[in-house]
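This report describes selected features of a predicted model. Please examine the sequence and the structure shown here before reading on.

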Amino acid sequence: MPPVPLAASLGDPAGVGPELLAEAWIRRETDDLPPFFVTGGAQLMAAAARLRGLSVPVAEIFHQAEAAECFARALPVLAGPDGDYAPGRPDRAGAELALASLTEATRLAVDGEVDGVVTGPIHKARLAEVGFIHPGQTEFVAEACGVQPGDAVMMLAGPHLRTVPLTVHVALAEVAAAISEALVERKGRIVAAALKRDFGLDAPRIAVAALNPHAGEEGRMGDEEARLIAPAIERLRAEGIAIDGPFAADGLFAPRQRETFDVALCMYHDQALIPLKALDFDQGVNVTLGLPIIRTSPDHGTAFSIAGTGKADAGAMIAAIRMAGDCAQRRFGN
Ligand SMILES: NC(=O)c1ccc[n+]([C@@H]2O[C@H](COP(=O)([O-])OP(=O)(O)OC[C@H]3O[C@@H](n4cnc5c(N)ncnc54)[C@H](O)[C@@H]3O)[C@@H](O)[C@H]2O)c1
Ligand SMILES: N[C@H](C(=O)O)[C@H](O)COP(=O)(O)O
């Protein structure tokens, strides 16, 4: 029986998503990628590949079951909404196409028709203009799965580091108020379980970053560490989770420190994403933990300014496809 494929959404069609999916297909053998297909946009995908100078035969398919069979000779694209390829020029029609593609890929995963979904980069402000009410794709996919947004945990993963932001798309001014013992405990448990189930780590080591400089310097620069973070860590340790901290965040990502943990639970978006993107931008994957489906995405965004120029690196997209396949294999044995 052919393997169950992955569904990939286009992302914003004016961004780098389509050309990087085309490049991933070209590199399917050298990079040993699992079969995937794109949800919608057959003409657009062909145009994106052409402009990047890639010879990619596009096969329009009418059912996901056809994807694995034709993947070796053509890039399968599920028949559906399409559009003109206008790299670097986002518009309303493109945002609608991005949303339709994401919705269909997610539906197929939720219905168990595909092994997982790889979401192309969307532009959140453009999507909001066409009725997307979620802070990001993480929360959209969570809702489609019937999972509370807080229980869908964003992890960024690269060859050198894995990080999880405790608070995500929250203004910096609101971060301290959003941190609670319950949130640290809830996300800590989800991270520990997911690294076991989907990443094959028997006893994942979690390092928790402090919020304040010098981990609060014994209360002189904030007390969230002693009041909220440390008690939650203690309770998780009592449950048998290998978790430690809170550690001053400035030293946590130094090379020697990185060897002491499998994932860093960080307090806010940039605390988690800056080290990851500094070290692993071209191979960084955004993966959602705690879902009944597998969902990954490249760590980068739409990069409108370089879309269609051939400058965009396909490494993160390729890593996202490979990671979705690896997680699916561990979880479903496909
Ligand atoms: N996976 C996702 O859906 C995802 C991830 C991150 C950001 N975003 C969204 O993307 C939009 C733009 O965000 P941004 O400008 O902060 O980040 P961005 O990642 O689009 O761009 C940041 C910088 O990195 C460069 N870059 C991005 N991808 C690259 C690649 N593959 N190869 C080479 N260079 C690359 C860009 O040219 C730019 O200089 C925002 O709406 C943001 O929310 C989406
Ligand atoms: N915070 C993510 C990043 O910078 O990589 C990005 O905004 C994607 O978020 P979603 O996967 O929730 O769209």
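## Backbone features in a loop

E217 has 13 C-beta neighbours inside 10 Å and therefore counts as partly exposed. This residue lies in the loop between strand 8 and helix 9. Its phi is positive, about 45 degrees, although E217 is not a glycine.

A215 also has a positive phi, of about 50 degrees, and is likewise not a glycine. The position of A215 is in the loop between strand 8 (205-209) and helix 9. A215 is buried, because 25 other C-beta atoms lie within 10 Å and the cut-off for a buried residue is 20 or more.

## Helix 8 and helix 9

Two packed helices are described by the angle between their axes and the distance between the axes. For helix 8 (residues 181-197) and helix 9 (residues 224-238), the axes cross at roughly 40 degrees and come within 8 Å. Helix 8 and helix 9 are therefore oblique to each other. The crossing in which helix 8 passes helix 9 is right-handed.

On the side of helix 8, the contact is made by E181, V184, E185, G188 and R189. Helix 9 contributes L228, I229, P231, A232, R235 and L236. Sorted by class, the residues of this contact are six nonpolar, one polar and four charged.

## Helix 1 and helix 13

Helix 1 (residues 17-26) packs with helix 13 (residues 315-332) at an angle of about 65 degrees, and their axes are 9 Å apart. Helix 1 passes helix 13 in a crossing that is right-handed. L20, L21 and A24 of helix 1 make the contact with M317, I318 and I321 of helix 13. How many residues of this contact of helix 1 with helix 13 are nonpolar, polar and charged? There are six nonpolar residues, with no polar and no charged ones.

## A cis peptide bond

The peptide bond that runs from G245 to P246 is cis, and its omega is near -5 degrees. P246 is placed in strand 9 (residues 242-247).

## The surroundings of ligand 1

Ligand 1 is surrounded by 19 residues, and the closest are P121, H300, G301, A303 and D313. Among the elements of the fold, helix 5 (124-128) and strand 12 (295-298) each supply at least two residues of the shell around ligand 1. By class, the shell around ligand 1 consists of nine nonpolar, eight polar and two charged residues.

How values were computed
Residues are numbered from 1 along each chain as its sequence is written. Chains are lettered from A and ligands numbered from 1 in the order in which they are written. This is a predicted model: local features need pLDDT of at least 70, side-chain atom pairs count only at pLDDT 80 or more; totals for chains, interfaces and linings use all residues. A residue is near a molecule or strand if its C-beta atom, placed from the backbone, lies within 6 Å of it. Helices (H or I, at least four residues) and strands (E, at least two) are DSSP runs, numbered from the N terminus. Ala, Val, Leu, Ile, Met, Phe, Trp, Tyr, Cys and Pro count as nonpolar, Asp, Glu, Lys and Arg as charged, and the others, Gly among them, as polar. Axes are lines fitted to C-alpha atoms, for helices over the stretch in contact, and angles run from 0 to 180 degrees between N-to-C directions. A crossing is left-handed if the near helix is turned anticlockwise from the far one by less than a right angle, and right-handed if clockwise. Two residues are in contact if their C-beta atoms, placed from the backbone, lie within 7 Å. Angles under 35 degrees count as roughly parallel, over 145 as roughly antiparallel, 65 to 115 as roughly perpendicular and the rest as oblique. A residue is buried if 20 or more other C-beta atoms lie within 10 Å of its own, exposed if 12 or fewer, and partly exposed in between; C-beta atoms are placed from the backbone.
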